Amino acid sequence: MVNGYSFIDKDLSIAASRRAAKDTGGSRNEYESEQAMSAQLVEPKPTWASQVIKRDEVTRYLQDGRDFIDDAALEAQLASAKPDPVRVRDILQKSLAIETLTTEETATLLSVSDEALWDEMYDVAAQVKKKVYDNRVVTFAPIYCSDLCVNNCLYCGFRAGNSGIKRRCLTMEEIAREAEVLAGQIGHKRLILVFGEHPRTDARYIAEAMRTVYAVEVPTRTGSSTGIRRLNINAAPMSIDDLRLLKEVGLGTFQVFQETYHHDTYAKLHPNGTVKSDYAWRITCMHRAMEAGVDDVGIGALFGLYDWRFEVMGLVAHAHELEARFGIGPHTISFPRLTPALDTPFVQETRYRVSDKEFKRLVCVIRLSVPYTGMIITVRERPDVIRECIPMCTQRDASTRIGVGAYQDEYEQQEADRQQFTLGDTTSLDSVIRELAEMGYITSFCTAGYRCGRTGNHIMDLLRSGKEGCFCKLNAILTFREWLDDFASPETAKAGERIIQKEIEETRDKVPEKLFRQLMAYYERTSRGEKDLYF
Ligand code: SAM
Ligand code: SF4
């Protein structure tokens, strides 16, 4: 079978049995018989991969059999764009009015070469972020639950053909232990669970993992227990039924990156016959999410696979498509940059590597083009790059480990042979929060949004009108108070105290008196150790 899973799984089984034979000092004959067994095992059964894609859940979103990314049209807009400063400044006014830019306007911004004009654009991008999200930064951490994967994405250390990686799929107990470390020792309230695509980690496994993490409760310094309050998922595209299941167990944001919006490049990087090779299944995954009622969706592109300007255009076109069809744009946009991965030569060979300067530019244009969206920068980036970009972003991870099972005590060291890629920044959450506070940002652990129904178009309207900022500011103060008392080191507590007092003073002037009094009542209760009070 050359199609999809059976073929790849056979490779995986062989690699696994080869390792097992090596690990146990097994003889050549043992290895040969295992190899024969794995070959027999895969022959007759219908392929799992061939059943993943529900064709009717793709075609209904296509027009004349085509998806909404028109490569030629986007390329043409990029080629014809002119960086006229007057026009650029008009476009910046539109961003400041929190209106989504057209792809043609995005192309104009991307065509700018004048450094002084870019500096103006960075300033406006930071103003836009402040207008919608004020000085808040949300922090989270990923749990890599499994690196089993049937796909063969050329750029990824988890790809099925990579026999250099030690594979692991966490049990529910192990997932609970990961969450206990993150919630109990570090103080995270918001996690993203990450999965390869594999029959062992299908939607039922993912749902079970979510239930397991939500059930974790850990003691805190101030007495009462705490846990994880928002779970996002980064996983392969799913069917509507599977997404409904995840919604039922409390899915926050469903995050899937298109990797590259460029059809030909996509085809080259995702070998034919794998589930992931189906561009249309992937580009319509957020349509299915919306249909399943999951209206906080996170899109993204992996920068370094194709021309960065084209990918920005693709992201903006994707936002338009979701806005036009469902009235709801992406809750978040991610812009991971390709980083080295074990035994993954593609990363060194790509012609489209993105420099730091280009990276800052792409962050800026995304912020200006989709002004209401959350923007996530991750520790794939070095601390200095994160520092430069944070004024335009809303979320970052911290204390991150990307080995499967890496948070647990016995895996305290990052192990290169269990990682999908390498990290640029391994700073602890405590240090990140201190640095943010010193830069004038308050870290928000607010997870109220999806629990009060402020998702999808409710949140979109609030964000566009600036009203969401009010709830978020109050909740940032309460959740930051909680974190400072439970987890902060003495130095971080000092820096945090300064910022929280400043926020309280600002709030006094901004919200009605009655609301301010209620905030202070909640604040007092939180200071006495009560948990999870929010507006
Ligand atoms: N398997 C799922 C999928 O592919 O959608 C989700 C998990 S995958 C581990 C999460 C993301 O990691 C991918 O969507 C890709 O953008 C990113 N990624 C893969 N290889 C990478 C690399 N070498 N450097 C940086 N990011 C990478
Ligand atoms: Fe698998 Fe996702 Fe990595 Fe591709 S990017 S190999 S689908 S884990």
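## Around ligand 2

The shell around ligand 2 divides into four nonpolar, two polar and two charged residues. This comes from a predicted model. Which residues are around ligand 2? They are Cys149, Asn151, Cys153, Cys156, Phe158, Arg159, Gly196 and Lys276. The classes can be read off that list. Cys149, Cys153, Cys156 and Phe158 count as nonpolar. Arg159 and Lys276 count as charged.

## The chain as a whole

The chain has 535 residues, and 61% of them count as buried. Its secondary structure comes to 24 helices and eleven strands.

## Two helix pairs

Two packed helices are described by the angle between their axes and the distance between the axes. Start with helix H8 (residues 115–133) and helix H17 (residues 356–369). They pack at an angle of about 50 degrees, and their axes are 9 Å apart. H8 and H17 are therefore oblique to each other. The crossing of H8 past H17 is left-handed. H8 brings Glu115, Trp118, Met121, Tyr122, Val124, Ala125, Val128, Lys129 and Tyr133 to the contact. H17 meets them with Lys357, Lys360, Arg361, Cys364, Val365, Arg367 and Leu368. By class, the residues of this contact divide into ten nonpolar, no polar and six charged.

The second pair is helix H9 (residues 172–186) and H10. Here the angle is about 45 degrees, with the axes 9 Å apart. H9 and H10 are therefore oblique to each other. H9 passes H10 in a right-handed crossing. From H9, the residues in the contact are Met172, Ile175, Ala176 and Ala179. They meet Tyr205, Glu208, Ala209, Thr212 and Val213 in H10. The contact of H9 with H10 has seven nonpolar, one polar and one charged residues.

## The buried side of H11

Which residues of helix H11 (residues 240–248) are buried? They are Ile240, Leu243, Leu245 and Leu246. An α-helix has 3.6 residues a turn, so residues three or four places apart point the same way.

The buried residues of H11 pack against four elements. These are helix H4 (56–59), helix H10 (203–215), strand S6 (251–255) and helix H14 (285–291). Just after H11 comes Gly250, with a positive phi of about 100 degrees.

Ile98 is not a glycine, yet its phi is positive, at about 60 degrees. Where does Ile98 lie? It sits in the loop between helix H6 (85–96) and H7. Ile98 counts as buried because its relative accessibility is 5%.

Glu259 is another residue other than glycine with a positive phi, near 70 degrees. Glu259 lies in the loop between S6 and helix H12 (263–269). Is Glu259 buried or exposed? It is buried, because its relative accessible area is 8%.

Ile333 lies in strand S8 (residues 332–334). Its relative accessibility is 0%, so Ile333 counts as buried. What does Ile333 touch, not counting residues up to four places away in sequence? The list is Ile299, Leu315, Ile366, Val370, Thr373, Gly374, Met375 and Ile376. Ile333 and Ala301 are 32 residues apart in sequence. In space they are 8.4 Å apart, C-alpha to C-alpha.

Thr103 is found in helix H7 (residues 103–110). At 15% relative accessibility, Thr103 counts as buried, because the cut-off is under 20%. Leave aside its neighbours within four places in sequence. Thr103 is then in contact with Leu74, Gln77, Met313, Val316, Ala317 and His320.

Ala72 lies in helix H5 (residues 71–80). Is Ala72 buried or exposed? Ala72 is exposed, because its relative accessible area is 57% and exposed means over 50%. Ala72 and His262 are 190 residues apart along the chain, and their C-alpha atoms are separated by 9.7 Å.

Key:
Residues numbered from 1 in each chain as written. Chains lettered and ligands numbered in written order. Predicted model: local features only at pLDDT ≥ 70, side-chain atom pairs only at ≥ 80, totals over all residues. Heavy atoms only, no water. Near = heavy atom within 4 Å. Axes fitted to C-alpha atoms, helices over the stretch in contact; angles between N-to-C directions. Helix = DSSP H or I, 4+ residues; strand = E, 2+ residues; numbered from the N terminus. Parallel < 35°, antiparallel > 145°, perpendicular 65-115°, else oblique. Left-handed = near helix turned anticlockwise from the far one by under 90°. Contact = heavy atoms within 4.5 Å. Buried < 20%, exposed > 50% of the residue type's maximum accessible area, 1.4 Å probe, protein only.
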